[in-house]
Amino acid sequence: MSESNTIISNSGGANNDASQPPKNNITSFIGGVSLPEYLHDAATSLHRARQDGFDYVVTALPNTLLNKKGNNHSSSDGSNGTIGAVRSATTNVVPNVGMRDPATSSRRRTDVTRLESKWWSTSVVGMVSDPPQWKQSNNAIFVNQQTTEAHNEGSQLLEAITSTGTNTSKEEDANKIFWGMMEWASHMNIPAVILPPVPLKENVGGNDSKRGSNKEGLVPINSDEEEDMFAASSPSKRGRMTPFNRTHPNNKTNDNSKISADVIDINNASAKEYARLLSHLSTSAVCTSSAHVQLWVRVPLSLASLRAFQLLLARCDHSPNVGCMIYIARKIDGAEMPAMVRALHGFIGAGNVRAVSWDTAVFLKNKKGYPTLSKNLQFIFQLLFGRLGRTLRTLVEGRVANPIAQTQGNNASHRLHHLQYLRHLRSSRASLLAKLDSEEAVLETPYLDNLQSPLQPLGDHLEYQTYETFERDPVKYKRYGEAVEYALEDGMNAISDDDTYGYLGSTMASLRGLERMRDAAGGLGGFDLDDDYQHGNNAGDTVEVDIYKVTIMVVGAGRGPLVREAIDAVARVSAAAVNNPGGRRKALHAKIVAIEKNPSAVLYLQSLKHGDPSWNGGLEFDEYADDEGGQNDHMVIPGTSDVTVIGCDMREAVNHPVLQRMIQNPKARADIVVSELLGSFGDNELSPECLDGVQACGILKEGCVSIPQSYTAFIAPVSSARLHSEAKTQACIPLNTNEGPASPPVGLQRAMETPYVVRSHAASQTHDEQPCWTFSHPHPPHASDDNMDTMSDKEDSSDSANAAKNVNNDRHIHLSFHHDPAHGAGIGCGYGALDPEVKSVASASSTIEADATSTIHGFLGSFHSVLYEGRKDNREERREKRLSVISIAPHSFSVGMFSWFPLFFPLKEPLRVPPGATVNCSIWRRSDDGRVWYEWCAEVVTIADHSRETMAGGEASTVVWGTSSIHNPGGRSYHVNK
């Protein structure tokens, strides 16, 4: 549903006088109801629904063709056209449905005048329904399913439209009725319309001879029949009627020798007719005008129906206007759960899911008579809402047996308890609350499936608000602070072994001053001065403390969050080192150099420098300090830091006078360099080039520690019709936004050859992510360097600087993603931590075999970074403690961190992956003198089983089912400027 026509909660009452909004304290839970007794009266439905807290209702679309023919029947109660069953929207009396005249109820819509346009555009969903005279007791094209009244709505109309028989007059009438309904929905600005399910077998209409000629209900095999190259059979047997498109209704494929007359064929001719109809509709003015009606195809919760809709969506070119509503009207037994969980995982990505409907028939009753769901359906609920809860609409459908007497504001819809139970499931599961209602979840919501072009890190400057948002990350800066602390601890522990940190001398510090340092360090446990007081010392007495100097460079300082973490880490480490009764007390004094190229951010840093004593060695800012911004050397307080703010490109340190002096003085060079230059793919924002440039300037000491120490790029296939369609829409965006409408469009080639940063949501990662390459910093000195003799400047001839010169950062890798029995279930959308419960259920063995055919729309890139891994010692627990990691790779995801979203590498054309096939991915990181870019391609292959055994002695027999072109060759569509 488009953002402009979103069904919203808290939108008032159903009549012209807005009533109080329903109480809904759950974030992002939008619930609707379909009342069969008021299906043709949206005003009464909405009035009753909103009394019970529902946000929207479903109404049948009227047959406008009757008005064109001039028919003018009176209602059965003699009211001259007014439907006797309909009362005012404020009535408290349940209408007598039996008095309704079905011939007039579909066209005499008094609710049109009783509801303002705002209700139609925000609180009403349309539904295609059958003309009353067409309704029959059952529908032949939906076979062997537990059909319900809601399931059958519109099925007769669809049967007439998609019929392959010869009754053309009925087909013409059906098309006119259908298009009239859709045009009316567009006219009323209804945001979405529910359509009948995809036919699971061919409807041959009135051609009885054709129906009887095929006892299995399948399309007769003709010589020109389409071949299904993605069938589950071997290459020599593919085509015709294979297990891919012929499935037993119960999805049990272990006994194909006894196929009944009710065989399901998802590739039938009627399904193709339906796809042709929706493809036309999705590109018509109904879906593309300002009304922008969304299509919700009803998809019953069965393996065959899920596959049938995916096939339909592919035939509709994965149109974003063609969505679906998962319809749950039957119980799921334990034997079916593993296959269903695997199928739903893939369907969430490839199915364009907009809503989920719960039929009242599927609810059980607890001991008190209230509705409840089985354990398996509760798990399905948790799976669907855990993945799509912030955008998924909920609907309650079906009739209620023996409804209790209705009271004003109390179960007016007779489905209040169903809604309350679903909201209870939504609000009582801790996992759902963490995924949907946490601070990071709220911050992420505007970015869901919203493609963003990657930054040009050396050209783009972040806005003030962007800095502010990133600084709210509760995990990233905590991990950075831990990493700096671990590095400082290792440096302090090594002081007796080498000259790691320079000795400044000793100072006499008062006990009161040490207490203040302890408090500034966060009140570290174990820091206790009681021994000093027991020896008769007063708070004003002094103790001797040895001061060591450490130089920390923060490159890309932004607004200073890493500087603050470094200051706090120095205080914590110093507080721990001072707490050494009976021994030499030690503390640090840090010189922190903050380098930033964004002039606006530099101004912010300078403001902090002037106003925050913690940036000035614990003292007030001294405007007469030396030109490096530091205080006088004799004014040193243990555990404090002195910050110098420098505005320049970090790779041009040799051109800045302050940094030049650091380079010329080996003892003044950096002991630790801290940066947050990582991109979504680790290296995609030129972290290697930037950090190599810093090292090549010669400003780092030989034993300098880099934070991060290393980062690894990961990649995995992803199935997402939403992301693929979003990438295609980028083709229409102006190439140069500064030129406005005069700018030429981006174009399809450039749009599909650009990687995008995206908070993947309606997506399914189909395999475990695999590592591509790793970058580590700083580069270790070369054992021998041929360039040493050619260096003229003494300060540039250090081994550390030479190790970073002429480094080739190009990379490439070829990966194979083999068949995953769980189909990727548990990994989710490719962003977030692995869900072991879902993976366990999906990996369980099952007697029901699910068709494992999937669709790959691209790849998701992520990263795993080791910020700092401490020096090894003999204590295992200490080594484990001194490890600080941040990651957005699902298998090591840093829960609660939201500073990075994955990088989506789209494929121009989706690739179908048959059961058991392997997805191969090749990706290159390429560069020239001024640019860095990525190239990628994919292919789907299978290797014959007999070949696996003989691969060592000969060439394997590989079948290539599909392949993509090389995307972005030579950086023709996308690159990052150095």
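What does aspartate 317 count as, judged by its relative accessibility?

Reply: Aspartate 317 counts as partly exposed, because its relative accessibility is 46%; buried means under 20% relative accessible area, exposed means over 50%, and partly exposed lies in between (1.4 Å probe, protein chains only). The model is predicted, so local features need pLDDT of at least 70 and side-chain atom pairs count only at pLDDT 80 or more, while totals for chains, interfaces and linings use all residues. Residues are numbered from 1 along each chain as its sequence is written, and side-chain values use heavy atoms, with hydrogens and water left out.

Aspartate 317 is found in the loop between α12 and β6. Helices (H or I, at least four residues) and strands (E, at least two) are DSSP runs, numbered from the N terminus. In general, most residues other than glycine have a negative phi, and most peptide bonds are trans.

The helix that aspartate 317 follows is α12. Helix α12 covers residues 303–315, and its 13 residues should span 18 Å at 1.5 Å a residue; the end C-alpha atoms are 19 Å apart, which agrees. The expected span is 1.5 Å times one less than the number of residues in the helix. Of the 13 residues of α12, 11 are buried, and the helix is mostly covered. Among the buried ones are Leu303, Leu306, Phe309 and Leu313, together with Arg307 and Gln310. The buried residues of α12 pack against several elements, including α10 (269–282), β5 (294–300), β6 (322–328) and α13 (337–350). Their partners also include α26 (721–729) and β24 (903–913). For these and later contacts, heavy atoms lie within 4.5 Å.

Helix α19 (residues 476–493) has 18 residues, which should span 26 Å at 1.5 Å a residue, and its end C-alpha atoms are 26 Å apart, in agreement. Since 14 of the 18 residues of α19 are buried, this helix is largely enclosed by the rest of the structure.

Helix packing provides a further view. Two packed helices are described by the angle between their axes and the distance between the axes. The axes of α14 (residues 375–388) and α29 (residues 836–843) come within 12 Å and cross at roughly 125°. This makes α14 oblique to α29. Axes are lines fitted to C-alpha atoms, for helices over the stretch in contact, and angles run from 0 to 180 degrees between N-to-C directions. Angles under 35 degrees count as roughly parallel, over 145 as roughly antiparallel, 65 to 115 as roughly perpendicular and the rest as oblique. In this pair, Phe379, Gln382 and Leu383 of α14 meet Glu837, Val838 and Val841 of α29. The residues of the contact comprise 4 nonpolar, 1 polar and 1 charged; Ala, Val, Leu, Ile, Met, Phe, Trp, Tyr, Cys and Pro count as nonpolar, Asp, Glu, Lys and Arg as charged, and the others, Gly among them, as polar.

Histidine 823 is placed in the loop between β21 (811–817) and α29. At 19% relative accessibility, histidine 823 counts as buried.

Loops also hold cis peptide bonds. One joins isoleucine 707 and proline 708, with omega about 15°, and proline 708 is in the loop between β16 (700–707) and β17 (710–719). Another joins histidine 777 and proline 778, with omega about -15°; proline 778 is in the loop between β20 (770–776) and α28 (799–803).

Two strand residues complete the picture. Valine 58 lies in strand β2 (residues 56–60) and counts as buried at 0% relative accessibility. Its C-alpha atom is separated by 4.8 Å from that of valine 125, 67 residues apart along the chain. Isoleucine 547 is in strand β12 (residues 542–555) and is buried, with a relative accessible area of 2%. Its C-alpha atom is separated by 6.6 Å from that of histidine 589, which is 42 residues apart along the chain.

For the protein as a whole, the secondary structure comes to 31 helices and 28 strands. Of its 978 residues, 57% count as buried.
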